[in-house]
Amino acid sequence: MLMIMGGVVENREGAGLHLPGRCLLSGRGQGGQGSWHQWGVDHWEACPDKAPPPDGLTVSHLPHGPTAHFTLSGAVLRQEVGGLGGAPLAAPHLLLLRLDSTLGKRVGTILKHLFPVPRPDSRRVVTFANEDDVILVRNHVYRRRGRTVELEEVGPRFQLRPYLIRLGTLEQGDAADVEWRWHPYTATAPKRRLLSAT
């Protein structure tokens, strides 16, 4: 299991790797959500590593939730995208495109709160764009050259599809109330758009 907890990536062996974020935390985070909260961790993400590329993402906001589960597909790593060789460490500006239904706004809020508030001079942009209920995630850097703006993708990029939102944290498991669940086989009408109003 690969876990990202408020800016720290951990593998199964417990070796921590610091990513741009708000806290430095190593070890397994044992002791429950209280110990994570005292370190300043306010959310954590988990990507199962059953297959070589990750196929799922779980985002749990601490200390009270919600917890959102996504399928993850089409992951392209930062090194494979090319560009500048790495994204800047600055907090990104966020673009939430076509997430305008009630469920889309809820998913957008969950994703929005993973990032700190950016500085006005930040040149990094993360885009969450909805296309047919699949959220395309792209990471860009922009530069101003006179009257033009150059946009360069720095990666990573991937697609997310939400399938479950629970009101509690991941520790509460099945005891937490289900706020929304995707039912793929019950729709007999033409395809409905769940994340966008149009």
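Phe 158 is buried, with a relative accessible area of 19%; buried means under 20% relative accessible area, exposed means over 50%, and partly exposed is in between (1.4 Å probe, protein chains only). You're looking at a predicted model, so local features need pLDDT of at least 70 and side-chain atom pairs count only at pLDDT 80 or more, while totals for chains, interfaces and linings use all residues. Residues are numbered from 1 along each chain as its sequence is written, and side-chain values use heavy atoms, with hydrogens and water left out.

**The whole chain**

- The protein chain has three helices and twelve strands; helices (H or I, at least four residues) and strands (E, at least two) are DSSP runs, numbered from the N terminus.
- Of the 198 residues in the protein chain, 38% are buried.
- The protein chain exposes about 11,500 Å², and carbon and sulfur atoms supply 55% of that; accessible areas come from the Shrake-Rupley method with a 1.4 Å probe, and for residues only the protein chains shown count as cover.
- Take the contacts (heavy atoms within 4.5 Å) between residues at least 6 apart in sequence: 53% of them join residues at least 24 apart.

**Back to Phe 158**

- Phe 158 sits in strand β11.
- Phe 158 and Gly 74 are 84 residues apart in sequence, yet their C-alpha atoms are 5.1 Å apart in space.
- If you leave aside neighbours within four places in sequence, the contacts of Phe 158 include Leu 72, Ser 73, Gly 74 and Ala 75, along with Ile 135 and Val 137.

- In helix α3 (residues 102-112), the buried residues are Leu 103, Gly 104, Val 107, Gly 108, Ile 110 and Leu 111.
- Those residues cover an arc of only 160° around the axis, which puts them on the same side of α3; the arc is that of the directions from the helix axis to the C-beta atoms.

**The nonpolar core**

- The largest nonpolar core has 20 residues; a nonpolar core is a set of buried Ala, Val, Leu, Ile, Met, Phe, Trp, Tyr and Cys residues joined through side-chain atoms within 4.5 Å.
- The elements that give two or more residues to this core are β5 (56-61), β6 (67-76), α3, β8, β9 (134-145) and β11 (157-166).
- The top giver is α3, with four residues.
- Among the residues with the most contacts inside the core are Phe 70, Val 107, Leu 111 and Ile 135.
- Not counting residues up to four places away in sequence, Ile 135 touches residues including Leu 99, Val 107, Leu 111, Phe 128, Phe 158, Leu 160 and Leu 195.

**Rings and a charge**

- The count of aromatic pairs comes to one, where rings of Phe, Tyr and Trp (its six-membered ring) pair if their centres lie within 6.5 Å, and planes under 30 degrees apart count as stacked, over 60 as edge-to-face and the rest as tilted.
- That pair is Phe 115 with Phe 128: the ring centres are 6.3 Å apart and the planes are at 55°, so the pair is tilted.
- Phe 115 lies in the loop between α3 and β8 and Phe 128 in strand β8, so the pair ties together parts that are 13 residues apart in sequence.
- Phe 115 counts as partly exposed at 25% relative accessibility, whereas Phe 128 is buried at 4% relative accessible area.
- Arg 161 lies over the face of Trp 182, at 4.5 Å from the ring centre; a charge sits over a ring if NZ of Lys or CZ of Arg is within 6 Å of the ring centre and within 35 degrees of the ring normal.

- Most residues other than glycine have a negative phi, and most peptide bonds are trans.
- The bond from Gly 65 to Pro 66 is cis, with omega near 10°, and Pro 66 lies in the loop between β5 and β6.
- A cis peptide bond also joins Gly 155 and Pro 156, with omega about -5°; Pro 156 is in the loop between β10 (148-153) and β11.
- Arg 98, in the loop between β7 (93-97) and α3, has a positive phi near 60° and is partly exposed at 42% relative accessible area.
- Asp 133, in the loop between β8 and β9, has a positive phi near 65°, but Asp 133 is buried at 3%.
- Ser 122 lies in the loop between α3 and β8 (124-131) and is buried, with a relative accessible area of 4%.
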